[in-house]
Amino acid sequence: MPAIYASVDLGGTNIKAALGDASGSIICAGSTPTNSHEGPRAILDRIAVLVNQLARQVGGAPTALGMGCPGLVDVKNGITRFFPNLTGHWRDVPVQQILSPQVGCPVYLLNDVRTATLGELTFGHGRTARTMAFFALGTGIGGGVVIDGKLRLGPLGAAGELGHQIIIPDGPRCGCGSRGCLETLASGPAISAEGIRLMHTGLAPKLYALCEGDASRVTTKTMAGAAQAGDETVREAITRAGEYVGLGIVNVTVALHPDLIVLGGGVALIGDLLFDAVRRTLRERVHMFPTDSIEIKPSQLGENAGTLGGIALAMKGGQLAD
């Protein structure tokens, strides 16, 4: 039997796991609630149960396991350092030491968005790029950077926090503690908040109709529908968010001159309205060198980027030298 690799995506609400092979094919997958309040040990036990269930389904044990984590990890030693959105923050939890004996294989850790970047690099658009930046546009904005074909991690595995570029110096307060980060301006909640404001002030009648006036139903998806239906103010809001993302890409471009920019996450599903603003901003704002050769694409892997990144991490044995 060809080698099988395990992938785990540890989220605040759910744990997703999968088994796959070196071609990037997902053989089987499953999920279980995170129940963050139970603490790290209980969650790691639950991960082991899920992975072992999948292994029994395919009749073979994984060769290695790659795990995407929602925060800062010690990549070399397999220890979590800080997960801002999980109970207890997972400070200094020896995940590799605890989990590896339970699943019967080596375990490797990486920040979740860097894991998605690795997935795109290994199995997606990044296969043909030398230098690439990945922007994950969702509830927050994360990122990852590939330089000369290698994922750049930095000394703490934290390189590539592209959502925390300062776009407006005195802008809105960010969860990271700073102000005016890209995440505060172009994440899903930031865009939706503007949609709610427009709807409640009578400036977005199409959005109001689509959501029946219910603010909880305002999402980037319903906003995209309202913009297409004729709400010009909603169109402007999405365009403005795209311009902010474009500015973040401009900063990356003048620093790295990448071949490729990949946009993933739910916000990227808005499509052309967002991408057109991003591409226009790049053209208009970079004058030091031509940008015609820089491609800006939606993720080829979509919601499977993190899963396949975990497979790639396991395949590489955690060897992601900068």
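Leaving aside neighbours within four places in sequence, which residues is valine 234 in contact with?

## Valine 234 and the cores

Contact here means heavy atoms within 4.5 Å. On that basis, valine 234 meets Leu198, Ala204, Leu207, Met223, Ala226 and Ala227. This is a predicted model, where local features need pLDDT of at least 70, side-chain atom pairs count only at pLDDT 80 or more, and totals for chains, interfaces and linings use all residues. Residues are numbered from 1 along each chain as its sequence is written, and side-chain values use heavy atoms, with hydrogens and water left out.

A nonpolar core is a set of buried Ala, Val, Leu, Ile, Met, Phe, Trp, Tyr and Cys residues joined through side-chain atoms within 4.5 Å; buried means under 20% relative accessible area (1.4 Å probe, protein chains only).

## Around helix α2

Helix α2 (residues 95-103) has Val95, Ile98, Leu99, Ser100 and Val103 as its buried residues. Their cover includes α1 (40-58), β4 (64-69), β6 (79-82) and β7 (107-111). Just after α2, glycine 104 takes a positive phi of about 75°. Helices (H or I, at least four residues) and strands (E, at least two) are DSSP runs, numbered from the N terminus.

## The whole chain

The protein chain comes to 10 helices and 12 strands, and buried residues make up 52% of its 322 residues. Its C-alpha trace spans about 55 × 45 × 35 Å along the principal axes.

Technical notes
Buried means under 20% relative accessible area, exposed over 50%, partly exposed in between (1.4 Å probe, protein chains only).
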